[in-house]
Amino acid sequence: RDFDKLLQLTVFLEAGLPIPESIYTKSLPRVEALCDRGYLIKPIARFFGLGIRLLEGRTLKRMIMTRALQDTFFQKRLETRSDFRVIVLGGEALGAMKKTPRGRSLVSNVSAGGKAEGAELTDELRDLALAAARALHCEYGGVDIMYGADGRPYLLVLATLYEVDRE
């Protein structure tokens, strides 16, 4: 399930769970229309935040030259900077952490330089993380949730490959 973020988002959407606006297309005119409008480029099958970039004109030109459009999707960027990872195991939410990117980075993954700190596991975070795990029939993982400017939580991904900072 980790291998295809687009499939995860489709399952979440079919289960009625909230996700950021996400688009998969190989149409160059459609991608050009998304340029410079607050969309992120996300690889379908990469881990640890690798390959996530803001879709800008120069990024699009590089993607076209390397044919990277094949393996990516586009997701509306949520304006909040931090996201939450809820650890789920056997139908229970064990705890939560807040992940924040460093500097101007778009990625909050600790392996990419992001900062993690303990966070309160609210009922809202717990319920959404458990619903995501149930939708994917997943017994364990880290569910990433980000709040939008509208104050609503959105599912980003359920990762079964993740790092835990021991500090």
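Two strands count as paired if DSSP finds at least two bridges between them. Helices (H or I, at least four residues) and strands (E, at least two) are DSSP runs, numbered from the N terminus. Welcome to a predicted model, in which local features need pLDDT of at least 70, side-chain atom pairs count only at pLDDT 80 or more, and totals for chains, interfaces and linings use all residues. Residues are numbered from 1 along each chain as its sequence is written, and side-chain values use heavy atoms, with hydrogens and water left out.

**View 1. An open sheet of five strands.** Follow the order β7-β6-β5-β8-β9, with antiparallel pairing. β7 (115-119) and β9 (153-159) are the edge strands, each pairing on one side only. From one strand to the next, the twist averages 30°; axes are lines fitted to C-alpha atoms, for helices over the stretch in contact, and angles run from 0 to 180 degrees between N-to-C directions.

**View 2. β5 beside β8.** Six bridges pair β5 (residues 83-89) with β8 (residues 140-147) in the antiparallel sense. Look for I87, whose bridge partner in β8 is G142. Helix α4 (residues 123-135) packs on the sheet, where it touches β5, β6 (92-100), β8 and β9; contact means heavy atoms within 4.5 Å. The direction of α4 makes about 125° with that of β8.

**View 3. The β5-β6 hairpin.** Two residues lie between these strands, and G90 in the turn has a positive phi of about 55°. The antiparallel strands β5 and β6 are joined by seven bridges, and F84 stands opposite K98 in β6.

**View 4. From β6 to β7.** Here five bridges pair β6 and β7 in the antiparallel sense. K98 has E117 as its bridge partner in β7.
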